[in-house]
Amino acid sequence: MIKFVGSFETVSSLPKTQFPEYAFIGRSNVGKSSLINAVVGTKIARTSNTPGRTQSLNLFNIDDRIMIVDLPGYGYAKVSKEQALQWLHRLEDYLMNRRQLTRLFILIDSRIGVRDSDLDLMDFCDLNGISYQVVYTKKDKRVRETNQIKLSHDNHPAMLADILETSAEKKTGLEPIRVALGIK
């Protein structure tokens, strides 16, 4: 059973649970909510064509075993610099202090490739020993930018070596994420 737990503005307001948390993050408009919905097999995360729609820490309980956290996107949303800075501080607080965090999935739009903001997040995780896995989204779409940066576990010690490639629309590449989450 999948249950929406709530939207939370601060890390301190998140419920204290014993369940492991799997958080999804990426640049705005990367397809984060669509991927979450495809992975769990039902629409739980709100999708939108407007970048930056997810603005809170959204928590979903899966079978009273795990929590999925839909984190706000970064990089493109049309918000004030003050609000973007608040989001950054909240993200750092979550990553550094949420003991339940088991894995962070960093989503990258495969049509565009890795951006500086993605690398900044990866570097932050590397420096702080926060385990993460890179997931390319929208693999069914035509590549827009050639000469993309190639990622390597050698340059990012906290990154899991397996880089996943997915399409929420075509429902491909989802199984490794489901295995990591322990869901069918």
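I take a residue as buried when its relative accessible area is under 20%, as exposed when over 50%, and as partly exposed in between, with a 1.4 Å probe and protein chains only. The model is predicted, so I note that local features need pLDDT of at least 70 and side-chain atom pairs count only at pLDDT 80 or more, while totals for chains, interfaces and linings use all residues. Residues are numbered from 1 along each chain as its sequence is written, and side-chain values use heavy atoms, with hydrogens and water left out.

**Entry 1. Overall fold**

I looked up the secondary structure, with helices (H or I, at least four residues) and strands (E, at least two) taken as DSSP runs numbered from the N terminus. The protein chain has four helices and seven strands, in the order β-β-α-β-β-α-β-α-β-β-α along the sequence. Its radius of gyration is 15 Å, close to the 16 Å that the globule rule gives for 184 residues, so the chain is as compact as a globular protein of that length. For this I used C-alpha atoms, the rule being 2.2 Å times the number of residues to the power 0.38. The C-alpha trace spans about 45 × 40 × 35 Å along its principal axes. Of the 184 residues, 48% count as buried.

**Entry 2. Arg 90**

I then listed its contacts (heavy atoms within 4.5 Å). Leaving aside residues up to four places away in sequence, Arg 90 touches Phe 8, Glu 9, Thr 10, Val 11, Gln 55, Ser 56, Leu 57 and Pro 72.

**Entry 3. Nonpolar cores**

I define a nonpolar core as a set of buried Ala, Val, Leu, Ile, Met, Phe, Trp, Tyr and Cys residues joined through side-chain atoms within 4.5 Å. The largest has 31 residues, and Leu 71, Tyr 94, Leu 95, Leu 104 and Tyr 132 have the most contacts inside it. Among the elements that give two or more residues to this core are helix H2 (81-97), strand S5 (101-109) and helix H3 (116-128). Not counting residues up to four places away in sequence, Tyr 132 touches residues including Leu 104, Ile 106, Met 122 and His 156. A second, separate core of 24 residues includes Phe 24, Phe 60, Ile 66 and Ile 183.

**Entry 4. Helix H1**

I found helix H1 (residues 32-40) mostly covered, with eight of its nine residues buried. Lys 32, Ser 33 and Asn 37 are among the buried residues of H1. Just after H1, Gly 41 takes a positive phi of about 85°.
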